[in-house]
Amino acid sequence: MAKTKVLDRRVFYAGALLFREGELGSHAYLIESGRVEVFVGRNEQETVLAELGEGEIIGEVALIAKGPRQASVRALELTVCSTINEQVMDRLLESCEPGVKALLKVLMKRLYATNMMLADHLRRDAEMGRWN
C-alpha cells in the first residue's frame, strides 16, 4: 500500500485572522470547510476584496512569489484548512513540465505585482473616504 502524506489541518473560529497583510508568505491554505473574507486595510478602513469557501486556495500568490502577503484573510465562520507549505508547493511545481513551471512562476509574479498596485489604489481610496 502506498503511503500518502496528509496535509496538516488548522481550524479557525469566526473572526480569527489566517493571514495578515504584509507578513511573509511561508504557506497557503486549502479551505476544506467554512468561509473566509480577503481584505486590505485595517479597522474602519478595511475593503473586502473577496469571500472564499470550500475547495479554494488562499495565500498561494505570496508563497510562489516569495513576497509579503498582499491582503489579510479572516474566517467568517468556523473554517477548516489544510496547510500547503513551501516544500509541498515546490514538490507540486517540480512535477510540472519545465515550460509549465516557468509559465506559472511568471504569471504569479505578474499577478503579485498587479495585486500590489490594486491594493495600494484601494488603500488610497479608503483613506480618502471613497470606500466607506
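## Helix α2

In this predicted model, helix α2 covers residues 86-94, and its buried residues are V88, M89 and L93. Viewed down the axis of α2, these buried residues fall within an arc of 135°, so they line one face of the helix. An α-helix has 3.6 residues a turn, so residues three or four places apart point the same way.

The face of α2 turned away from the buried side carries Q87, R91 and E94, which are exposed.

## Overall layout

The chain contains 3 helices and 8 strands. Along the sequence, these elements follow the pattern β-β-β-β-β-β-α-β-β-α-α. The chain has 132 residues, and buried residues make up 38% of them.

Contacts across the sequence can be described by separation. Of the contacts between residues at least 6 apart in sequence, 73% join residues at least 24 apart.

## Sheet β1-β8-β3-β6

Another open sheet is formed by 4 strands in the order β1-β8-β3-β6, also with antiparallel pairing. Strands β1 (9-12) and β6 (57-58) stand at the edges of this sheet, and each has a single partner strand, so one side of each is left without a neighbour in the sheet.

Strand β3 and strand β8 (residues 79-85) run antiparallel and are joined by 6 bridges. L30 stands opposite S82 in β8.

## Nonpolar cores

The largest nonpolar core has 16 residues. L18, Y29, V36, I58 and V73 are the residues with the most contacts inside this core. The elements that each give two or more residues to the core are β2, β3 (27-33), β4, β7 and α3. Strand β4 gives the most, with 3 residues. Apart from this core lies another, of 11 residues, which includes A28, I64, V88 and M89. Two of these, V88 and M89, are also among the buried residues of α2.

V73 has contacts with residues from several stretches of the chain. Leaving out residues up to four places away in sequence, V73 touches A16, L17, L18, F19, V36, E37, V38, F39 and I58. Among these partners, L18, V36 and I58 are, like V73, listed with the most contacts inside the largest core.

## R110 in helix α3

Helix α3 spans residues 98-127 and contains R110. Is R110 buried or exposed? R110 is exposed, because its relative accessible area is 57% and the term applies over 50%.

R110 and V61 are 49 residues apart along the chain. The C-alpha atoms of R110 and V61 are separated by 9.9 Å.

Key. Residues numbered from 1 in each chain as written. Predicted model: local features only at pLDDT ≥ 70, side-chain atom pairs only at ≥ 80, totals over all residues. Heavy atoms only, no water. Buried < 20%, exposed > 50% of the residue type's maximum accessible area, 1.4 Å probe, protein only. Arc of directions from axis to C-beta. Core = buried A, V, L, I, M, F, W, Y, C linked by side-chain atoms within 4.5 Å. Contact = heavy atoms within 4.5 Å. Pairing = 2+ DSSP bridges.
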